[in-house]
Amino acid sequence: MSIRWDSLLVRHVARALDERLSGHHLRGIRLDGDARDLILFFREESVVWRLHPTRSALLLRPAVAPAATDLRIRARLRRVDAPPDERILRFEMMGRGKNAGPLELFVELIGNRLNAVITGSGERIIRHVLVRREGDRPLSVGAGYRLPEPTGREGATDGLALERWLAILAPVPPPDRGPELVRRIAWTSPMNRDTFLEPDLEAGHAAWREMVEHEGPADPVILVSERGRQPYPFPLVGYEVEATGSLLDALDACADEEGRAALAASALAMPPALLERLEDAVHRQERRLAGLTAELEQREDPDALRRRGDLILARFSELPAESGMVTLTGFDGLPVEVELDPALPPQKNAARYYDRAARSERAAERIPRLMTRAEERRDALAALLSRALAGEADPQEVREALPTPEREAGTEDRSPSLPYRTFRSSGGLEIRVGRGAKHNDDLTFRHSAPDDIWLHARHSAGAHVILRWRSDENPPGRDLAQAAVLAALHSKARTSTTVPVDWTRRKYVRKPRGSAPGAVTPDRVQTLFVRPDETLLEALSEEG
């Protein structure tokens with residue numbers, strides 16, 4: 001559920017936070033615009049404010065260090081307060097170091113427009129904003145910040161005498177008094193209006209004065225209704241109540257399970273980018289599993305392929321010259337359509353069908369193993385993600401579990417042991433993809449054989465790709481196409497709809513003297529046009 005905020009609740013939350021946090025030393029702030037989370041990293045503890053309209057909550061957690069991606073703001077908190085009859089809190093701070101000077105953090109809890117704004121200098125110039133807004137009160141960095149227009153309701157600062165209370169409400173028919181009360185009298189809301197109208201107007205006025213003029217500790221409770229549990233500084237008419245130690249305890253208790261789990265102490269120390277990488281890793285394994293499943297389902301029938309090969313050899317005298325598609329009488333007497341390469345003799349056409357049958361059988365053995373590995377990997381990463389969101393995993397554990405561990409500062413230039421990554425095509429052929437321009441030459445001229453197939457995205461910077469191949473014939477079309485997709489995906493043309501990829505034998509690629517790293521001149525080039533489909537990439541097995 002989401003906490004409902006009215007001006008009376010905000011007033012007492014500000015008092016509770018002021019008593020709890022005043023004097024605390026701020027070390028950083030996280031403004032997560034996607035999740036709509038505001039996190040204050042104090043030396044003494046962390047304050048987590050969920051400002052999404054559907055899951056608003058406030059929690060205090062043990063102190064953790066801000067992540068590298070968080071705003072590093074050093075300041076001392078002076079006070080927390082709220083303007084009269086407003087759903088806005090103000091954190092007044094004095095910055096230190098490069099942030100020296102007055103700073104203010106405004107947390108707006110108005111309807112579905114929950115937001116946070118950090119301002120500096122006496123003119124309240126906006127430095128940071130959680131969610132940028134336009135309109136009559138724009139909230140953008142560099143603009144001046146101004147509070148929303150006051151509600152204008154009576155009794156916000158000077159109280160309200162009984163006579164005036166009666167003058168406002170007595171003429172109104174009883175069924176309409178609730179809306180009129182909320183519209184005209186300060187500190188009222190749909191949550192508390194019944195309390196201020198029962199059992200009669202005089203008693204309601206006394207209850208209103210008692211709550212509005214209350215200066216000591218509040219009498220916080222958790223209100224229970226059909227809408228869920230709601231923290232409040234006082235019991236209200238129409239609600240069951242649960243006892244609570246303090247208003248801040250009530251706020252914590254009313255946060256939903258997802259909120260409490262997602263914002264546990266060690267989850268706060270988890271950089272958002274690291275969590276995103278972990279979520280992406282889970283999704284990649286899911287896509288890989290889907291791709292492998294589709295590949296297994298679309299696998300050619302090896303028995304049917306072999307029968308076609310046998311039929312070509314048995315009926316080779318019936319084959320018309322230079323025909324790409326023929327219809328032959330099968331061994332069961334039924335007609336069978338057979339696709340041929342007219343440039344090849346019958347024996348080689350038959351051999352192609354036998355090769356396809358063998359690849360299909362190898363795939364039938366290999367793909368289930370890869371699916372099992374993908375399922376295990378997906379389940380392990382998903383479990384780690386759940387633990388990270390629950391605050392039960394630390395950042396280092398996540399880094400070590402990711403497919404490409406996050407490099408520490410100063411290690412980015414460390415070269416891998418091999419200049420290429422290894423993939424396996426659906427037909428079982430090895431595909432080597434260069435790790436970058438400075439490694440392309442090494443892959444092409446030191447880690448490939450003359451008859452291997454060399455590929456590169458045309459007119460685009462990218463990796464050299466080697467499809468390992470030992471035959472005089474061209475490689476199978478599906479394997480060649482998959483290698484071309486890898487070349488497209490590892491080039492600057494990866495976002496294009498269609499990418500031309502040149503290919504030739506590696507022995508026809510030469511390196512001009514004095515040319516830049518990765519610059520080569522290929523001959524006898526042919527071109528494939530492929531779509532850089534990442535789903536296919538996930539379906540291939542990266543081995544290194």
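**Helix packing, cores and confidence in a predicted model**

The crossing of helices α9 and α10 is left-handed, and in this predicted model the axes of α9 (residues 302-314) and α10 (residues 346-389) come within 8 Å of each other and cross at roughly 165 degrees. The mean pLDDT of the protein is 87, with 92% of its residues reaching 70 or more.

**Helix pairs**

- Since an angle over 145 degrees counts as roughly antiparallel, α9 and α10 are therefore described as roughly antiparallel to each other.
- On the α9 side, the residues in contact are Pro302, Leu305, Arg306, Arg308, Gly309, Asp310, Ile312 and Leu313, while their partners in α10 include Pro346, Tyr353, Tyr354, Arg356 and Glu361.
- A second pair is formed by helix α2 (residues 162-169) and helix α4 (residues 201-212), which pack at an angle of about 125 degrees with their axes 10 Å apart, and these two helices are therefore oblique to each other.
- The crossing of α2 and α4 is right-handed, and the contact joins Leu162, Trp165, Leu166 and Leu169 of α2 to Leu201, Glu202, Gly204, His205 and Trp208 of α4.

**Nonpolar cores**

- The largest nonpolar core has 63 residues, of which Trp5, Val13, Leu17, Trp49, Leu89 and Phe91 touch the most other members.
- Helix α1 (residues 7-21) supplies the largest share of this core, namely eight residues.
- Phe91, leaving aside its neighbours within four places in sequence, is in contact with residues that include Leu17, Leu21, Leu40, Trp49, Leu77 and Val107, and also with Arg79 and Glu104.
- A second, separate core holds 25 residues, among them Leu429, Ile453, Ala493 and Val501.

**Val326 in strand β13**

- Val326 lies in strand β13 (residues 325-329) and has a relative accessible area of 4%, so it is buried, the cut-off being under 20%.
- Not counting residues up to four places away in sequence, Val326 touches Leu319, Pro320, Val336, Glu337, Val338 and Leu340.
- Between the C-alpha atoms of Val326 and Leu201, which are 125 residues apart along the chain, the separation is 97 Å.

- Where pLDDT is low, the predicted coordinates should not be read in detail.

How values were computed
Residues are numbered from 1 along each chain as its sequence is written. This is a predicted model: local features need pLDDT of at least 70, side-chain atom pairs count only at pLDDT 80 or more; totals for chains, interfaces and linings use all residues. Side-chain values use heavy atoms; hydrogens and water are left out. pLDDT is the predictor's confidence in each residue, from 0 to 100. A nonpolar core is a set of buried Ala, Val, Leu, Ile, Met, Phe, Trp, Tyr and Cys residues joined through side-chain atoms within 4.5 Å. Buried means under 20% relative accessible area, exposed over 50%, partly exposed in between (1.4 Å probe, protein chains only). Helices (H or I, at least four residues) and strands (E, at least two) are DSSP runs, numbered from the N terminus. Contact means heavy atoms within 4.5 Å. Axes are lines fitted to C-alpha atoms, for helices over the stretch in contact, and angles run from 0 to 180 degrees between N-to-C directions. Angles under 35 degrees count as roughly parallel, over 145 as roughly antiparallel, 65 to 115 as roughly perpendicular and the rest as oblique. A crossing is left-handed if the near helix is turned anticlockwise from the far one by less than a right angle, and right-handed if clockwise.
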